[in-house]
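Have the structure open while you go through them.

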Amino acid sequence: MKNFFLFLFLCIGMTAQAGKPVPSDPKATPEAVKLYRNMLNLQHKGLMFGHQDALAYGTKWYGEDGRSDVKDVCGDYPAVFGWELGHLELGKPYSLDSVYFDKIRGYIKKVNKEGGINTISWHFTNLFTGGSAWDVSSNKTVASILPGGEKHELYKQYLDKLAAFMLSLKTDQGTLIPILFRPFHEHTGSWFWWGKNLCSADDYKALWRFTVTYLRDTKNVHHLLYSYSTDRFNTTEEYLDRYPGDDLIDVVAFDLYDRGPEYSATLGNCAKMVAKIAAEKGKIGAVSEAGGPIAKNPEWWTKVLLETLRPYDLSYVLVWRNAHNNPKESAFGPWKGCASEQDFVKFYNDPKTLFQKDVQKVLEK
Ligand code: BMA
């Protein structure tokens with residue numbers, strides 16, 4: 001009888017749990033679970049705005065505490081902050097975009113404390129050739145780092161460094177800070193060594209499976225939400241062609257830059273498909289990288305980006321970096337004095353967009 005009640009109790013418990021979405025990692029930390037649920041809820045309330053390296057530098061400045069080009073323009077921080085770990089695998093003290101990893105750790109901590117969300121990309125070295133992430137001279141790299149491949153041990157060393165960094169991301173209280181991790185991105189194109197023409201679909205999926213299971217099971221990393229992020233695509237089938245599995249992925253996303261007049265139509269089509277896939281799978285949907293001619297088009301933010309994405313329930317759109325040492329015109333985020341500055345303020349004030357203060361308000365409720 002006692003066992004029967006225990007059984008009943010367990011069944012009720014499981015049913016209650018079954019109703020609540022959980023991330024792909026069965027051992028996800030409570031903070032990762034909370035982030036996942038918050039993001040799922042928020043994606044029906046508004047579109048968060050993100051900016052790459054937002055606190056590290058901006059147009060013509062570098063490393064000024066508390067500064068952000070976005071904040072300079074609208075008075076608020078982005079809700080999502082992107083960080084890049086390229087060159088961490090080489091044991092270098094700073095990233096390929098010249099940001100010290102110790103500083104990145106501090107920025108991540110600040111963002112988390114203030115209610116923002118951190119996402120990490122990794123343009124890492126081609127292990128087979130020793131070239132950069134953009135070295136596409138060999139189509140053997142992915143196969144060579146899978147189990148049994150000649151560079152597999154080296155890949156594990158890279159992942160050990162990655163895991164050590166991830167496990168160093170803690171609050172003052174010692175709690176691991178949940179992170180959206182977005183490796184092997186833009187793989188529907190062929191400009192990175194993991195791109196479409198550089199490896200088979202099976203090898204690409206195997207790369208994901210090995211990477212996630214190694215981080216989870218061997219390195220005991222359980223505070224990451226994993227993001228699958230393509231470049232442009234035309235159909236749902238194409239989008240999912242290299243999808244590694246619902247048991248590995250939490251965020252379905254894509255990158256798309258404005259390179260011409262067909263942008264709104266393409267962005268709209270991709271957003272529609274990804275929002276549908278996210279809803280069907282019960283995952284988070286996002287535009288993980290975007291950017292447009294904001295130095296030339298004074299209404300790009302509202303007329304192109306916002307009006308195209310408005311109909312869809314997506315979690316966030318992140319624009320790429322405002323490199324401090326590049327011409328101002330190459331910046332993807334707004335900056336004080338750029339042609340689309342006033343339009344960005346309109347974009348900020350629109351009820352559809354969510355910045356750090358909005359996210360803090362929603363999460364407090
Ligand atoms: C690219 C460019 C590069 C940068 C890389 C990694 O899109 O911005 O300058 O090094 O991303 O962040």
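1. Which pocket is the space taken by the ligand? It is the second largest pocket. A molecule sits in a pocket if more than half of its atoms lie within 2 Å of the grid points. A pocket here is an open set of points on a 1 Å grid over the protein atoms alone, with protein on both sides within 12 Å along at least five of seven lines.

2. Before you go further: this is a predicted model, so local features need pLDDT of at least 70 and side-chain atom pairs count only at pLDDT 80 or more, while totals for chains, interfaces and linings use all residues. Residues are numbered from 1 along each chain as its sequence is written, and side-chain values use heavy atoms, with hydrogens and water left out.

3. Around the ligand you'll find Glu-84, Asp-97, His-123, Trp-134, Trp-320 and Arg-321 (near means a heavy atom within 4 Å). By class, that shell has 2 nonpolar, 1 polar and 3 charged residues. In this scheme Ala, Val, Leu, Ile, Met, Phe, Trp, Tyr, Cys and Pro are nonpolar, Asp, Glu, Lys and Arg are charged, and the others, Gly among them, are polar.

4. Now the polar contacts (N or O pairs within 3.5 Å). Ligand oxygen atoms lie 2.5 Å from an N or O atom in the Asp-97 side chain, 2.8 Å from a polar side-chain atom of Arg-321 and 3.0 Å from a side-chain N or O atom of Trp-320. The protein covers 69% of the 310 Å² of accessible area that the ligand has on its own (Shrake-Rupley method, 1.4 Å probe).

5. The second largest pocket holds about 340 Å³ of space, a volume being the space filled by probe spheres set on the points. It has 17 lining residues (an atom within 4 Å of a point), and Trp-134, Glu-186, Phe-192, Tyr-257 and Glu-289 are the closest to its centre. The lining divides into 7 nonpolar, 2 polar and 8 charged residues.

6. There are also 2 cavities of 30 Å³ or more in the whole structure; in a cavity a 1.4 Å probe fits but cannot get out. The largest has a volume of about 40 Å³, and its lining includes His-187, Lys-196, Glu-238 and Arg-242.

7. Trp-320 turns up again in the lining of the second largest cavity, as do Gln-52 and Arg-182. Strand S5 (117-121) gives the largest share of that lining, 3 residues. Strands are DSSP E runs of at least two residues, numbered from the N terminus.

Definitions and conventions
A polar contact is a pair of N or O atoms within 3.5 Å; within protein, one must be able to donate a hydrogen and the other to accept it, and residues adjacent in sequence count only if both atoms are side-chain atoms. Helices (H or I, at least four residues) and strands (E, at least two) are DSSP runs, numbered from the N terminus.
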